[in-house]
Every structure is written in structure tokens, then in C-alpha cells.
Amino acid sequence: MTEVVFYVFAVAAIISATLCILQRNPVSAALWLVSTMFSLAAIYVLLNAQFIAAIQVLVYAGAIMVLFLFVIMLLNLGHAEPDMRGPSTIAATLVIVGLLAIELFALLQYNPRKLASEFSQWPAFSDPATVFVAGQLSQQESAARGVVGAVAAPLFQVYLIPFEITSILLLVAIIGAVVLAKRKV
Amino acid sequence: MFLGQALGLSAVLFSLGVAGVLLRRNAIVLFMCIELMLNAVNLTFVALAQLHGASGYVMVFFVMTVAAAEAAVGLAIIIGVFRHKQTVDLGNINLLRG
């Protein structure tokens, strides 16, 4: 049953993503991308990442895509225009993407469990390996700490400094966006 | 659970994002394709977090933050370019071409 749900949402994500890159109207492309993100949120739930699924819907499908739609409507780009590149570029794209896909699927042959066992034997270079034992299932962490707590504990204990640096990144992004979009500086 | 399938789906979505970046000339659609690639990487993080513990979720959190900042600054740049050139077609934006 769960497998059927997973495959339904996986196929929905792939079809939505394909339509997103093929739609000529930017608004349609944005809406198909929202559909892709919703399908991915459902897959995150199946992968025991309920909190990530929630912020995927809130931040990605909610905030970021609304920003895109605002800009499309602000610039009045909501009409379909032929913006595909020429046939030679399409052929080159198919070759490049095909090679990339072959490469990525070849990476799958490398057994993740083997990777996990190798990862657990690396010397501990920082706190995560000691605080959160590698190979520990996220399901167990969720059961022990709750869905949000399983994310909050590493975020505010081990990754506290990167988390604080994130606030500087967002401040710089806010100032940059305001300065760039202003008419007269 | 679903580890291989999730990684395969991630590979497909990333390839579709690269195809979109190479195929389209509309700058906004190109940005959306970059978001698609970031989503594919997020799926990889979430899938592997089942093996490696909750640190993967924290990485997804940071990727989302960077995506939000990138979208805000990138769309501001697109608005600025549109004000100068009255278009977002990348074929017409060739000011830096030698």
C-alpha cells in the first residue's frame, strides 16, 4: 500500500517537473512546479520527515513560489512566448542530460548501506558523529524526541553557529534585494 | 525505506532541472528550474537521513534558506534587468558579450 502511494507521487512529481520545463506560459510553469513540490512533500512524509514536508509546503510552495508569481505578474510576463532554444541546442541538451542521468544512476550502484558503514568508521571530525551516532534511524529519533524535536536537537546543539550565520545570509539577501529592485539608489 | 527509489527519483528530477536550464531562455523559468534542482538535492538529503540520522534534515533546512535568499536576490536582479531591457529573454541580454 505504502509503495503504491510512493510510486503515485513519484510519477506525479516527474510528470509535473516535465510539464514545468516544457510549458511556454511562465505562470503554468510555476504552477506545475508547485505541483512538483507538493508531490515531494508527500514523499517526504513517506520517508519519515514530516517536519520537512510541512516546511516544504510552507516555505517552497507557499513563500518562494508566491514570490515567483508576484514577479511574473509585476513584469506582466503571463503570456506564452516561444522561448525554447534552437534545434541544435535541444540536441546538445538531450546528450548532456542523458549523460548526466546515466552518471547519477551509476552512482546508485554504490550501495548506500556500504556507504553508511564506511561513514561510521571515519574518525569523528566534529560533534555530529559523536552526538548522533551514524546509522541511527530517523524513525527512532522521531519516536524518542518527537517529529520537530528530532530536527530541533541537532539544529540548536550541533549546528548552532551555522544556524546563526544563516540569519546574516538572510539579512544580506534582504538588503541586496531592496537595493537591486529600488529605482534610485 | 524507499531509499533506492527516492535516490532514483532525485536523479530524474535533477536531470529535468538541468534540461530546463539548458532549454529555456526565459530567465524566470530558468530560476524555477534551479529551484527544481535544489528540491532534487533536498530529496537526496531526506532519503539518506534515514541512514545517517537527523543531520540531513538540518541540511535541508539550510538549503531552503539559501534557496529563499537566492530567489529574492535573483528576482530583484531580473526586475532590474527588465527595467533596462524591457525583456527577460536571455537571448537578448548580451551586454557582457565580448
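What follows is a chat about a predicted model with chains A and B.

Biologist: Before we start, how are residues and chains labelled here, and what kind of model is this?
Modeller: Residues count from 1 along each chain as its sequence is written, while chains are lettered from A and ligands numbered from 1 in the order in which they are written. This is a predicted model, where local features need pLDDT of at least 70, side-chain atom pairs count only at pLDDT 80 or more, and totals for chains, interfaces and linings use all residues.

Biologist: Okay, how many helices and strands does chain A have?
Modeller: Chain A has nine helices and zero strands. Helices here are DSSP runs (H or I, at least four residues), strands are E runs of at least two, and both are numbered from the N terminus. Along the sequence the pattern reads α-α-α-α-α-α-α-α-α.

Biologist: And what share of chain A counts as buried?
Modeller: 24% of its 185 residues. Buried means that 20 or more other C-beta atoms lie within 10 Å of the residue's own, exposed means 12 or fewer, and partly exposed is in between, with C-beta atoms placed from the backbone.

Biologist: What about contacts between residues at least 6 apart in chain A, how many join residues at least 24 apart?
Modeller: 53% of them do. Two residues are in contact if their C-beta atoms, placed from the backbone, lie within 7 Å.

Biologist: How do α3(A) and α3(B) pack?
Modeller: Their axes are 10 Å apart and the angle is about 5 degrees. That makes α3(A) roughly parallel to α3(B). Axes are lines fitted to C-alpha atoms, for helices over the stretch in contact, and angles run from 0 to 180 degrees between N-to-C directions. Under 35 degrees counts as roughly parallel, over 145 as roughly antiparallel, 65 to 115 as roughly perpendicular and the rest as oblique.

Biologist: Which residues meet there?
Modeller: Among them are Ile52(A), Val59(A), Ala63(A) and Leu67(A) from α3(A), and Tyr57(B), Met64(B), Ala68(B) and Leu75(B) from α3(B). The residues of this contact divide into 18 nonpolar, no polar and no charged.

Biologist: And the α2 pair, how do those axes cross?
Modeller: The axes of α2(A) and α2(B) come within 10 Å and cross at roughly 5 degrees. That makes α2(A) roughly parallel to α2(B). Leu33(A) and Met37(A) are among the residues of α2(A) that meet α2(B), where the residues include Met32(B) and Glu35(B).

Biologist: Tell me about Met32(B): buried or exposed?
Modeller: Met32(B) counts as buried, because it has 27 C-beta neighbours inside 10 Å. Leaving out residues up to four places away in sequence, Met32(B) touches Cys20(A), Ala29(A), Ala30(A), Leu33(A) and Phe68(A).

Biologist: What does Pro26(A) touch?
Modeller: Not counting residues up to four places away in sequence, Pro26(A) touches Ile72(A), Leu77(A), Gly78(A), Asn26(B), Ile28(B) and Val29(B). Pro26(A) sits in helix α2 of chain A and counts as buried, with 27 C-beta neighbours inside 10 Å. Pro26(A) and Glu81(A) are 55 residues apart in sequence and 8.9 Å apart in space, C-alpha to C-alpha.

Biologist: What comes after α2(A)?
Modeller: Asn48(A) follows, with a positive phi near 65 degrees, in a residue other than glycine. Asn48(A) is in the loop between α2 and α3 of chain A, and counts as buried because it has 22 C-beta neighbours inside 10 Å.

Biologist: Which residue of chain B has a positive phi of about 60 degrees?
Modeller: That's Gln86(B), which is not a glycine. Gln86(B) lies in the segment after α3 of chain B and counts as exposed, with 9 C-beta neighbours inside 10 Å.

Notes: Nonpolar A, V, L, I, M, F, W, Y, C, P; charged D, E, K, R; others polar.
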